[in-house]
Amino acid sequence: SLGDSPTIKKEFADTLRKLILATPKSSSALFFNQLFGGRNSKAVIGDLLAVLLNNSMATYKISGPQVGVEKEILLQVKNLIGYKENYGGTFPTGGSMSNFMSLIIARDKKNLDIRNTGVNQKLIMYASDNAHYSIAKNASFSGIGRDNVRYIKSNSFGCLDVKLLEEAINIDLKKGYTPFYINATAGTTVLGAFDPIDAIADVCEKYDSIWFHVDGAYCGGAMFSAKYKHLLKGVDRSDSFSYNAHKMLGTPLTCSIILVKDKKYLSGSFSNDAEYLYQTDGDEFNLGKTSFQCGRRNDALKFWTLWKSLGTNGLEKIVDQQFILADVARDYVRNNSDYQLYSFDDSISICFNYKGIDPDVLCTALYEEKETVVGFGNFREDTFIRLVTING
Ligand SMILES: *Cc1c(COP(=O)(O)O)cnc(C)c1O
């Protein structure tokens, strides 16, 4: 609790110690709960630096060479996913915000007047029924409306069914509605499934260039792996792409990146004149012209220190290690009759049940007995434990 008088040093230290000791340790090797865990010391040093330097990434005037840190990562990621020279990008506060920004850009591209008049037409967006829950929230925040999200039933592997997607678009077109946005997932939150990006890009092109966003928050990091980047095949055909370095790459929370194929749409939606702020230098170096926030921590620095010290080959090893661990865990589950497997190959989520025990009960017992921290999830009518090998 907080009070009117200052806290003396000793008491202050004791209180902090209590807080630390009582906090769940996400860096423990027993932590497999959410889609982050562990941490890389080379990334931690960058995050500490960002705190100590305490710049804001809005302008070159206040962040100086740190602008180059952010721009270098955007350039490297652009090369990895195969966008061309017109690309733009920024570091949003997370994967949910990345999805939100992509939705706003898509909405404004469909009708720039919406920025002034609000949404007056029936705009329809599409995602798989396994897409991240931020899709629904973002539909509401953006004025599109939750009722205008079409959740396309996924196939038995949890991937978006392109035939059903096309059917849904046709139904909406017949009704006179305007399809404008498709969100595909590279690594669904529960199963770690990859939507068929190439085939979805075909559909987007066919129907009056619907904006195509690839949400790679969870497994977009697979792009660093020669062995697994095929899971993202076709991502160069998307209009925007996002991923979280705080998931597969093991930087501290949060480090999220969005790339937009044509930067004019990013600044079209997110730049605003502010004379009190933008006083020097060209907009290329005033990153606040393409970000959501004004005051913004340098989230790129922790990823840059990691990348700088390990090289791109080192990042590939981090990603491959997670797939190797997943293979080990999946083989164990497959070859042990006490377990039943619910997830599939090429995923770092291993979903299983043990001896038919209620996964909710089992997870809670493991947590309370301090054995390990895992979560549970469901797909269709099955509920199961989800072990995530992201803590490499
Ligand atoms: C984690 C996740 C998000 C949300 O990212 P946050 O950084 O937690 O907001 C979005 N999409 C997918 C597929 C995710 O796994």
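Colleague: In which sense do β2 and strand β8 (residues 256–260) pair, and over how many bridges?

Modeller: In this predicted model, the two pair in the antiparallel sense over three bridges. Two strands count as paired if DSSP finds at least two bridges between them, so β2 and β8 qualify with three. In β8, Val260 is the bridge partner of Gly88. Strands (E, at least two residues) and helices (H or I, at least four) are DSSP runs numbered from the N terminus.

Colleague: What makes β2 and β4 edge strands?

Modeller: β2 (88–90) and β4 (149–152) each pair on one side only. The open sheet has seven strands in the order β2-β8-β7-β6-β5-β3-β4, with mixed pairing. On average, neighbouring strands are turned by 20 degrees against each other, direction ignored.

Colleague: Which helix lies across β2, β3, β5, β6, β7 and β8?

Modeller: Helix α5 (residues 95–110) does, and α5 runs at about 155 degrees to β5. Helix α10 (residues 263–270) also packs on the sheet, where α10 touches β2, β6 and β8.

Colleague: Why are α5 and α7 called oblique to each other?

Modeller: They pack at an angle of about 45 degrees, with axes 9 Å apart. Axes are lines fitted to C-alpha atoms, for helices over the stretch in contact, and angles run from 0 to 180 degrees between N-to-C directions. Under 35 degrees counts as roughly parallel, over 145 as roughly antiparallel, 65 to 115 as roughly perpendicular and the rest as oblique. An angle of about 45 degrees falls in the rest, so α5 and α7 are oblique.

Colleague: Why is α8 called roughly parallel to α9?

Modeller: The axes of α8 (residues 162–174) and α9 (residues 197–206) cross at roughly 15 degrees and come within 10 Å. That angle makes α8 roughly parallel to α9. In contact (heavy atoms within 4.5 Å) are Val162, Leu165, Glu166 and Ile169 of α8 with Ala199, Ile200, Val203 and Lys206 of α9.

Colleague: What makes the rings of Phe100 and Phe141 an edge-to-face pair?

Modeller: Their centres are 6.0 Å apart and their planes stand at 70 degrees, so the pair is edge-to-face. Rings of Phe, Tyr and Trp (its six-membered ring) pair with centres within 6.5 Å; planes under 30 degrees apart count as stacked, over 60 as edge-to-face and the rest as tilted. Phe100 sits in α5 and Phe141 in α7 (residues 134–141), 41 residues apart.

Colleague: What do the numbering and the values rest on?

Modeller: Residues are numbered from 1 along each chain as its sequence is written, and side-chain values use heavy atoms, leaving out hydrogens and water. Local features need pLDDT of at least 70 and side-chain atom pairs count only at pLDDT 80 or more, while totals for chains, interfaces and linings use all residues.
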